[in-house]
Amino acid sequence: MILAALVMNTQGKPRITKFYVPLGVEKQQEAIRTIYSALSQRPEDSCSFVETEDIFGPDTKLVYKHFATLYFIFVIDSSESELGMLDLIQVFVETLDRCFKNVCELDIVYNFNKVHTILDEIVMGGQVVETNSAEVLKAVQDIWKLERVGDLNVPSVRGIGSYRSKS
Amino acid sequence: MALSGMRGLSVFISDVRNCQNKEQERVRVDKELANIRTRFKNQRGLTPYEKKKYVWKMLYIYMLGYDVDFGHMETVALISAPKYAEKQVGYIVTSCLLNENHDFLRLVINTVRNDIIGRNETFQCLALTMVGNVGGREFSESLAPDVQKLLVSNTCRPLVRKKAALCLLRLYRKNPDVVNVEGWSQQMVQLLDERDLGVLTAVMSLLVALVASNPDGYWSCLPKCVHILERLTRNQDILQEYTYYGIPSPWLQVKTMRVLQYFPVVEDPNVRRGLFDVLQRILVGTDVVKNVNKNNASHAVLFEAIALVMHLDADKEMMSQCVALLGKFVAVREPNIRYLGLENMTRMLLVADVNESIKKHQAHIISSLKDPDISIRRRSLDLLYGMCDISNAKDIVEELLQYLTTADFGIREELALKAAILAEKFAPNLAWYVEVILQLIEKAGDFVSDDIWYRVVQFVTNNDDLQAFAAAKARDYLDKPAVHETMVKVAGYLLGEYSHLLARRPGCSPKEVFHIIHDKFPTVTTPTKALLLSAYVKILMHSQPPDQELQAQVDEVFKRCESFIDAEVQQRAVEYIILSHKGPSMVDIMAEMPKFPERQSALIKRAEDAEGEPTEMSATKLRQRQNSMALVVADPGSANGGLPPPSEQLALPEPPPPAPEPAAPAAPAAPQSAYANGTNKAPAPASTNGDLLGDLLAPLALEAPPISTPSPLTQSADPGEPLALALYDQQNQIKPIGSIEDWFRALSLKDSGVLYEDPYIQIGIKSEWREAQAKMVLFLGNKHTVPLVNIRVLILPAPHLKMQFSRVPDTIPPRAQVQVPVEVTCLSASRETAVLDFSYTISTLPVNVKLRLPTLMNKIFQAAPVSASDFVAHWRAIAGPPTKLQEVVRGVRPMPVSDMGDLFNSLHIGVAPGLDPNVNNIVAATTFFSQAGATLCLVRVETDPSDRTQMRLTVASQDPNVTYEVKEFIKEQVIDIPFARTPAPTPSPAVMGLTGPAAVLAGLI
């Protein structure tokens, strides 16, 4: 089972957090801090697995991938395949990339709601729902279409393109 | 760049991003929370769009790590909104902010149900996702049938059905009763025919959970899984979108192989063949390529295939193929593959006998211990720990010690502990062990617990030839600039006891030794100070002729401590100052410590207790436990000095002349004997530690007599007493149907029968002995209609037996039987029996029983037909103790001689009728087999017709140990248990005035 899916930047700021096991806010933050301190110390050519017994209990580990300024992290127990999770992270990132055209950290920050939608199409209740990036994309775009229909009566978004330049 | 589509939200996010520090961020967040709170309070005028925006903001704030303790109601209310956009936010945010026990969730069950059974597929998806993430028990009860319907529906889109599958999984986890095995297993079989790989992946996740709790119920799914695997590996009609870097859905392959590991081992030869074909193809066909992602995917499949091969008990060839592959992986540079190679190799050690082939890769594994990546170092450490045995212990432990100096803090404790355990378990000799531990203390003193140095003291005390060596080493370590306190303790103790053995060496005069120890005195803690005072007085006592100068210096130390704040130190100082002026009479009091009785290492016991899942561990554990005997056997001058010649019995604390023994039927065996027998009956480690410290210090504190002989300590309650081993745990609420004792007694004469039975399980046993070896099968039968879970089978072998058995499944399905074959080899004679430690859980009630296995001596006996002349010749050839032992046995169960003859025959001790003309006597012969070979054993019993409660028993064989054990064994069989046995008085002259062979015999005896 996947216990949590996290995206955080290389400064330790959480960008997306999704826990599939009930965990209080305090515990969540503590987990994020511990994970960050473990990851930030790892040299670049280390393996993608970190054992996390002290955070999530025995037989759990982190599987993570480092892209530019972001860590993508899945916390799993022993019933999941480590390399399989790496593949899944890759699918997640590829899907984000297709949605946001060259995804960067800012896209994820400002569109955290959309990222949640995407993540929900890939992982649900700690299990993999879909591994086919095209299928995920289709489902997500359907949702966004429906959303937009509902939002037609609200002011359109303008004038915030400049946020991108701040990073 | 696409934006969230909500201006207010984007502005808020960028405000937070612009905050210079955490303080500013908090202020901004608090302001926003206050704003949202007011807006929610005054609902009027709040548009759906605004609600949506605020709820997203709440989620964002929550992700930043702030507790959002309001607005839950509003969030949940959005679920009921008619518009998709609001509903979607409601569902997503609810599943992030709320957990399954939240009251608000109950309020929306109806809405959720309406969405699920409604016709709007997008609503269905949202509802299923939310329930799949946070659904609790109540959802389970009200939604499961609807979700099942969606999953098997042939009109729903795959998108809905795969979510339904995972939603059902969640509901099943919350309440397993929602899925009825009988009806549902057939549905699962049909679902496995699904062509859409997305749905199939989700269904496979569901199947893993179902099979894990009831493998038999879903057995019919197994052939389908094999078929799916075949289809995938052959890449037959797999859609292009579901291939990932050219590999047909690696996730589905992995999941399918995972399911297969939850089923019991496949026996059907056809299915097996098909499966092995597929696995073989995966093992052979996976190459390392340049593309990292492709590599990951193909190796994910490969590692899962290796795990499945291990599970299936594949033939030797395939296993060694796997070891070879893993061997390749532990040597590659790619860190992920190397990590998993090490991890899987460790796993393999547990299930298969591959130790030898893994040893070939030792060099690579050791080099991973120096990898910059801590994850890899940990795996390597685990593997080295697992693969260590007596042949490579020296290399591995020295490697660990070397690494200890550079290891980072995170891993040091584990490393030190593992090194200490391995050193103790597999020490080729004790000097090496002592040296390793001293090094360990020097390099990582903080992590060397007291248990470890106590153990060193025990070994040194018990082995005369080690004492000078250890003292010299201790002396050297004290010379180093920074000495850890633990080192001061162990060195202080050893030098106090044994520094006089070094007196002639340079720098080792009593005075010098005293000074070097006393240098450390000011910096150590109080308990260590007390220990050092004892060391001083001992050094003083050993300095012959008395050294006035040393005496004065030591006196001064004692004087200074006379008013020490700690009572213990103070008392010692006061006592020692007086003692040290007693002159030669002090020697009696301050003499060397007596030898310690053998006992189980607290360290090893703790390590064993700490080891994880027992079923998976059992094979390794047993192997390690056997190996751990090595140290006891290799210990030449053990405490039990007066025992028969060296054999495995060295560690058995039973001297042949039995001292008066209390019958005390229920008395547990003394801890030291428990160690020797490997039956693990030792008391809790905490109390052992306490005892140990007591033993180390008590005689010095002058409360105990200065010298106590170890033999009374090593006396134990006779483990052969049937009642003494009725180990049935009284605390269990589930009681056996019948008497464990009766079953055992019946089995001691029969080869098959019931060993244990309670309302849920029956354990049967069948054994077939051939000389020193036996094939034993345990039959574990679930009598009940629910599966028995957490099955754990541990066999605690007696030290004279080698027992091996394969892995036992975790669960026994309803009304099913599991067979556990056990191979037994008898190494030497002993009346001990192995003990089966069996536990299971029935609907959360854990049950544990410990049962003696009928590995009794008589099973190994073969009645030996001997002629009168042979008997006399052998009898004559064996002179007297210890190879021929005689004892008058009292408290015998009164029975006619013919019955006793029958009893002997039933024990495979062949009575030779007529060989002894006295009708009140029995002579019999049997052959005892052990790994060492066959031993002919002769028995003569003289009974007294006037008093049937006593008899004279004489046993003779070439092997003193066999003689002793056979004699004791016969005693146990004839004696009436409730009566105490008394020591043998002088033999009563029961045979008089006889002629013929009997007279010859009588004269001989």
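Reader: Where does B:V888 sit?

Author: B:V888 lies in strand β12 (residues 884-890) of chain B; helices (H or I, at least four residues) and strands (E, at least two) are DSSP runs, numbered from the N terminus. This is a predicted model, in which local features need pLDDT of at least 70, side-chain atom pairs count only at pLDDT 80 or more, and totals for chains, interfaces and linings use all residues. Residues are numbered from 1 along each chain as its sequence is written, chains are lettered from A and ligands numbered from 1 in written order, and side-chain values use heavy atoms, leaving out hydrogens and water.

Reader: Is B:V888 buried or exposed?

Author: Buried means under 20% relative accessible area, exposed over 50%, partly exposed in between (1.4 Å probe, protein chains only). B:V888 has 6%, so it is buried.

Reader: What strands pair with β5(B)?

Author: Two strands pair if DSSP finds at least two bridges between them. Strand β4 (residues 761-770) of chain B is joined to β5(B) by ten bridges, running antiparallel, and B:Q762 faces B:G781 of β5(B). Strand β8 (residues 817-826) of chain B also pairs with β5(B) in the antiparallel sense, over nine bridges; there B:K775 has B:E823 as its bridge partner. Seven of the ten residues of β5 (residues 773-782) are buried, so this strand is largely enclosed by the rest of the structure.

Reader: How many residues of α27(B) are buried?

Author: An α-helix has 3.6 residues a turn, so residues three or four places apart point the same way. In α27(B), 13 of the 14 residues are buried.
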